[in-house]
Amino acid sequence: MSMYNANKKGFYGKFGGAYIPELLHNNVEELRLTYLDILGSDEFKTDFDGLLKDYVGRPTPLYLAQNLSEQYQTNIYLKREDLTHTGAHKINNTIGQILVAKKLGKKRIIAETGAGQHGVATATVCALMGLECIVYMGEIDIQRQAPNVARMKMLGATVVPATSGSKTLKDATNEAIRDWINHPHDTHYIIGSVVGPHPYPDMVARLQSVISQEMRLQLKQKTGSETPTAIIACVGGGSNAAGAFYHFLEDENVQLIACEASGMGVDSGKTAATSFVGTEGVLHGSKSLLMQTKDGQVVEPYSISAGLDYPGIGPMHANLFETKRASFVAVTDKEALDAALELTRLEGIIPALESAHALASLKQLQFKKEDVVVINLSGRGDKDLSTYMKHFEL
Ligand SMILES: *Cc1c(COP(=O)(O)O)cnc(C)c1O
């Protein structure tokens with residue numbers, strides 16, 4: 001048994017598990033008892049692989065970024081999740097979960113979304129499969145993310161505003177959980193990252209692991225070795241990082257580097273760098289590291305990047321932090337913006353602001369000329385254009 005994967009009860013070391021209200025027990029239990037059989041079945045594999053190939057556009061390229069490599073005097077490859085349908089890795093997970101939902105005979109899909117990226121990926125697969133889609137979103141986020149709200153609506157989803165609390169992601173999650181409790185039979189809840197009660201973190205990590213599965217083959221072809229020196233990914237909840245690390249977890253010679261958004265700075269009070277300022281606690285159904293006050297109130301996170309603006313990290317990452325299997329790097333808003341512009345000017349690729357946090361870590365790390373470094377480019381920057389326009393005065 002690996003020390004970096006979930007055990008039968010969904011624990012990664014001391015993190016993980018399923019801390020849920022009694023009223024959710026049946027929904028989560030049905031999934032827990034069936035997910036491994038479904039994911040392992042020939043039918044699922046055929047459908048999943050087929051859709052990843054022809055609908056999502058996989059395998060995504062592993063691109064040797066020569067200008068960036070020259071800049072940092074090493075060999076840098078970009079795993080191009082930005083080239084997937086809908087523009088980010090999130091579609092890998094929603095394709096997988098919609099197939100699980102169909103197998104379980106569910107007719108209704110619910111999801112929560114902050115910036116709207118997971119909502120769009122969910123609405124997309126619901127349109128594809130002809131299933132009803134309800135997306136819970138904080139009222140403030142609905143105002144901030146108008147283009148994604150329009151996308152979801154055009155795709156046929158119902159976007160329901162969460163009007164309690166701070167009217168953001170946390171409150172949308174509470175509304176989604178309430179919905180699930182009220183619809184115990186016909187509804188599947190598609191969670192968008194490696195968070196939530198077991199089996200979600202493990203299920204989402206397995207669905208995203210296609211990223212590192214492809215990387216191994218592509219590295220072998222391009223460098224002669226399946227294993228690189230290092231893999232770098234940004235961490236919000238941690239799903240793109242989990243997917244990029246997954247098939248390298250046991251290769252202890254491969255450095256795993258997780259980049260968190262420190263916002264205005266780790267000690268500024270305006271940050272989302274959970275591994276730096278977080279403590280042990282339970283958030284959204286699992287034990288992990290989270291940003292909280294001494295008496296356990298969740299602290300509002302802050303990052304310029306909506307996808308990293310989350311007060312916790314998934315339990316897999318909390319364990320990778322605790323065991324020191326992964327190194328954690330904090331990247332500020334300013335550093336991420338600079339890195340986004342640098343990649344754009346050097347390679348002609350406009351990255352998502354989230355992915356720019358992974359790129360920015362190059363300035364803090366030291367690699368040798370012969371090293372092979374893979375950066376998971378989790379998404380493209382179209383959605384961040386208004387932020388880029390403001391900061392680069394475009
Ligand atoms: C949502 C998002 C993230 C953060 O989510 P993870 O679960 O940590 O991967 C990162 N990059 C992009 C492009 C996203 O849309």
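**Pocket lining, ligand shell and backbone geometry**

Among the elements that line the second largest pocket, α2 gives the most, with 6 residues. The structure described here is a predicted model. In this model, the second largest pocket has a volume of about 480 Å³. Its lining is made up of 19 residues, and those that lie nearest the pocket centre are Phe48, Asp49, Leu52, Val210 and Gln213. Four helices, α1 (25–40), α2 (42–56), α9 (200–208) and α10 (210–223), each supply at least two residues of this lining. When the lining of the second largest pocket is sorted by class, 9 residues are nonpolar, 4 are polar and 6 are charged. The second largest pocket lies between domain 1 (11–51 + 90–204) and domain 2 (58–87 + 209–392), because both domains give residues to its lining.

A total of 17 residues is found around the ligand, of which Lys90, Ser193, Gly236, Gly238 and Ser239 come nearest. By class, this shell holds 4 nonpolar, 11 polar and 2 charged residues. Domain 1 (11–51 + 90–204) and domain 2 (58–87 + 209–392) each contribute at least three residues to the shell around the ligand.

A polar backbone atom of Gly237 is 3.2 Å from an oxygen atom of the ligand. For Gly238, a polar backbone atom is 2.7 Å from a ligand oxygen. Ser239 contributes through its side chain, in which an N or O atom is 2.7 Å from an oxygen atom of the ligand. On its own, the ligand has 380 Å² of accessible area, and the protein covers 97% of this area.

Backbone geometry was also considered. Most peptide bonds are trans, and most residues other than glycine have a negative phi. Against this background, Arg58 and Pro59 are joined by a cis peptide bond with an omega of about 0°. Pro59 is located in the loop that runs between α2 and β3 (62–64). A cis peptide bond is also present between His198 and Pro199, where omega is about 15°. The position of Pro199 is in the loop between β8 (187–189) and α9. Lys167, although not a glycine, has a positive phi of about 60°. This residue, Lys167, belongs to the loop between β7 (158–162) and α8 (169–182).

Key:
Residues numbered from 1 in each chain as written. Predicted model: local features only at pLDDT ≥ 70, side-chain atom pairs only at ≥ 80, totals over all residues. Heavy atoms only, no water. Near = heavy atom within 4 Å. Polar contact = N/O pair within 3.5 Å; in protein donor to acceptor, adjacent residues only side chain to side chain. Areas by Shrake-Rupley, 256 points an atom, 1.4 Å probe, with all protein chains shown as cover. Nonpolar A, V, L, I, M, F, W, Y, C, P; charged D, E, K, R; others polar. Domains from an automatic or database assignment. 1 Å grid on protein atoms, 1.4 Å probe; cavity = no way out; pocket = protein on both sides within 12 Å on 5 of 7 lines; lining within 4 Å. Points joined across faces, edges and corners; volume = space filled by probe spheres on them.
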